[in-house]
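I'm opening my notebook on this one. I'll jot down what I look up as I go.

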Amino acid sequence: MASDSSTDLSDARGPEHTADGHHVIIDGRRWRATDPSIPDAFRQELVDELMAARRAVKAQDPDARRRVHDAKTALGERGQPWWEDRAGDGFDERIAAALRALTRKRAESSICPSDVARTVGGETWRPLMSDVRRVAAELADRDELVVTQKGEPVNIREARGPVRIIRGPKL
């Protein structure tokens, strides 16, 4: 008996998308699609964090729902639509969510601000570096992140050159 190749192909492609690509259709419901400009490695890290956060919701972890929200916002599935202008408070929240989600995912190591810029900006990430550093400074002020240079904590507003970002005590 021959297999139905059209079924096999639709499974490989994933869920049905709307004509503009902004949403996926699952069980007749429309959901915002993940930002397609996120590089695969960063998208996978965010999906891994999302799945871990969902497991934490089941385990009744008190911070789990915030983790889910951060991962979905970083993926572009919540908050300001990813297809709109990359500016304003809504975009700053996506940057903050990506910073929090990636630092949680890499709890044993650090992230580079360019990782976040690439996540929210795709191939046009370089102009977003100043925004990422500004949002990282705000999160560092709230002790959600710690910015380091050569392994020592620094004020990102004054630091020149490459910095790394780790989880802060309040994250």
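Where is Lys-150 found? I looked, and Lys-150 sits in the loop between β4 and β5 (152-153). My helices (DSSP runs of H or I, at least four residues) and strands (runs of E, at least two) are numbered from the N terminus.

Ground rules before I go on. This is a predicted model, where local features need pLDDT of at least 70 and side-chain atom pairs count only at pLDDT 80 or more, while totals for chains, interfaces and linings use all residues. Residues are numbered from 1 along each chain as its sequence is written, and side-chain values use heavy atoms, with hydrogens and water left out.

**Entry 1**

I stayed with Lys-150 for a moment. Its phi is near 55°, a positive value in a residue other than glycine. Lys-150 is exposed, with a relative accessible area of 84%. For the record, buried means under 20% relative accessible area, exposed means over 50%, and partly exposed is in between (1.4 Å probe, protein chains only).

Then I checked Asp-27, which lies in the loop between β2 (23-26) and β3 (29-32). Asp-27 is not a glycine, but has a positive phi of about 50°. Asp-27 is exposed too, at 78% relative accessible area.

**Entry 2: the whole chain**

I counted six helices and six strands in the chain. Going along the sequence, I get the pattern α-β-β-β-α-α-α-α-α-β-β-β. The C-alpha atoms fill a box of roughly 65 × 40 × 30 Å along the principal axes. Of the 171 residues, 40% are buried. I also looked at contacts (heavy atoms within 4.5 Å). Among those between residues at least 6 apart in sequence, 51% join residues at least 24 apart.

**Entry 3: helix pairs**

I needed two values for each pair: packed helices are described by the angle between their axes and the distance between the axes. The axes are lines fitted to C-alpha atoms, for helices over the stretch in contact, and angles run from 0 to 180 degrees between N-to-C directions.

I took α2 (40-58) and α3 (64-74) to start with. The axes of α2 and α3 come within 8 Å and cross at roughly 155°. That makes α2 roughly antiparallel to α3. The cut-offs: under 35 degrees is roughly parallel, over 145 roughly antiparallel, 65 to 115 roughly perpendicular, and the rest oblique. The crossing of α2 and α3 is left-handed, meaning that the near helix is turned anticlockwise from the far one by less than a right angle (clockwise would be right-handed). The residues making this contact include Leu-46 and Leu-50 of α2 and Val-68 of α3. I sorted the residues of the contact of α2 with α3 into 10 nonpolar, no polar and five charged. Here Ala, Val, Leu, Ile, Met, Phe, Trp, Tyr, Cys and Pro count as nonpolar, Asp, Glu, Lys and Arg as charged, and the others, Gly among them, as polar.

Next came α3 and α4, which pack at about 120° with axes 8 Å apart. α3 and α4 are therefore oblique to each other. α3 passes α4 in a left-handed crossing. The contact includes Arg-66 and Asp-70 of α3 and Glu-93 and Arg-100 of α4. I get five nonpolar, one polar and seven charged residues in the contact of α3 with α4.

**Entry 4: the inside**

Val-116 and Val-120 are among the buried ones. They pack, as a group, against α2, α3, α4, α6 and β6 (164-167). Of its 35 residues, Ile-95, Leu-99, Val-116, Leu-145 and Ile-165 touch the most other members. The largest share, eight residues, comes from α4.

**Entry 5: Glu-144**

Glu-144 is in the loop between α6 (129-141) and β4 (145-149). At 8% relative accessibility, Glu-144 counts as buried. Beyond its neighbours within four places in sequence, Glu-144 is in contact with residues including Arg-66, Arg-100 and Arg-167.

Methods
A nonpolar core is a set of buried Ala, Val, Leu, Ile, Met, Phe, Trp, Tyr and Cys residues joined through side-chain atoms within 4.5 Å.
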